[in-house]
Amino acid sequence: MAPDSENGMLKMSELAERSGVSTGTIKHYLREGLLGDGEAIRRTSRNMAYYPPEFVDRIRLIKRLQEDRFMPLRLIREVVAQEPERAARMLEIEDRILERAIEASDAGRVSRARVRETYDVPANVLARLEELGILTPNARGYDADDIQIIEAISRFRAGGYEETIGFTVYDTLRYRDALQPLVEEEVAVLLDRLAGKVEVDRAVEIISSGSQPLRELIGAMHSKLLLAALRRQRGVSG
């Protein structure tokens, strides 16, 4: 019989090299049962074993679920045991969406100087919004979402939302804090419904095409909720 390494099986050192994960971490995965029950491992002596090459992708997936999704090992064990291909598809969809978003963001940046010329928003207001993480410019300036936020604040200020009557940049935190859990839930639902059901390219198209309608939906629902709240307020006071 040919040596195991010639049959495609890998030594621990080779497994670590190909997966980019240390031998210590791989051994920990083995102890935690993340790489199966051990039946796929071929042991030739007490201190020597060979591992199937498919462990390479499995180890990479486990590491990414740990680092990118912050999943505990207990949950990762269930995922890789039941639906490893689906988990890998979810990560691929995330990567593709992020790549597309970064490309679009970098392509449409506006310099700080141009923003100051275009919008009636004081420099100290912009600086404070950056400190709060509401605006996230880089050396090339503001991205498209930053610009929409700046434009909205400029229009708020023009309409009378001023510091003298209590409106400040800190009001933006209320909306960010309310939206954050909603967005996280939205991402989880989208990935859960698309991964394994449609091809990655199609999934990316579906999510991208929903961006603008979602903005309109949120705006319209906010308007209706605001009107309903004002009506309730009037009913309480009068």
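## Terms and basis of the model

Contact means that heavy atoms lie within 4.5 Å. Helices (H or I, at least four residues) and strands (E, at least two) are DSSP runs, numbered from the N terminus. The structure is a predicted model, in which local features need pLDDT of at least 70 and side-chain atom pairs count only at pLDDT 80 or more, while totals for chains, interfaces and linings use all residues. Residues are numbered from 1 along each chain as its sequence is written, and side-chain values use heavy atoms, with hydrogens and water left out.

## Helix 1 and its surroundings

The buried residues of helix 1 are Met 12, Leu 15, Ala 16 and Ser 19, where buried means under 20% relative accessible area, exposed over 50% and partly exposed in between (1.4 Å probe, protein chains only). Seen down the helix axis, these buried residues fall within an arc of 100°, so they line one face of helix 1; the arc is that of the directions from the helix axis to the C-beta atoms. An α-helix has 3.6 residues a turn, so residues three or four places apart point the same way. The elements that cover the buried residues of helix 1 include helix 2, strand 2 (48–50) and helix 3.

When residues up to four places away in sequence are not counted, Leu 15 touches Leu 10, Ile 26, Tyr 51, Phe 55, Val 56 and Ile 59. After helix 1 comes Gly 20, with a positive phi near 75°.

In the segment before helix 1 lies Asn 7. Its relative accessible area is 47%, so Asn 7 is partly exposed. Between Asn 7 and Pro 52, which are 45 residues apart along the chain, the C-alpha separation is 9.5 Å.

## Leu 61 in helix 3

Leu 61 is a residue of helix 3. Its relative accessibility is 8%, so Leu 61 counts as buried. Leaving aside neighbours within four places in sequence, the contacts of Leu 61 are Val 80, Pro 84, Ala 87, Ala 88 and Leu 91. Pro 137 is 76 residues from Leu 61 in sequence, and the two are 32 Å apart in space, C-alpha to C-alpha.

## Two residues of helix 11

Helix 11 spans residues 211–237 and contains Ala 220. Leu 230 is also found in helix 11. The relative accessibility of Ala 220 is 41%, so this residue counts as partly exposed. For Leu 230 the value is 53%, so this residue counts as exposed.

From C-alpha to C-alpha, Ala 220 is 23 Å from Ala 188, and the two are 32 residues apart in sequence. Leu 230 and Tyr 161, 69 residues apart in sequence, have their C-alpha atoms 18 Å apart in space.
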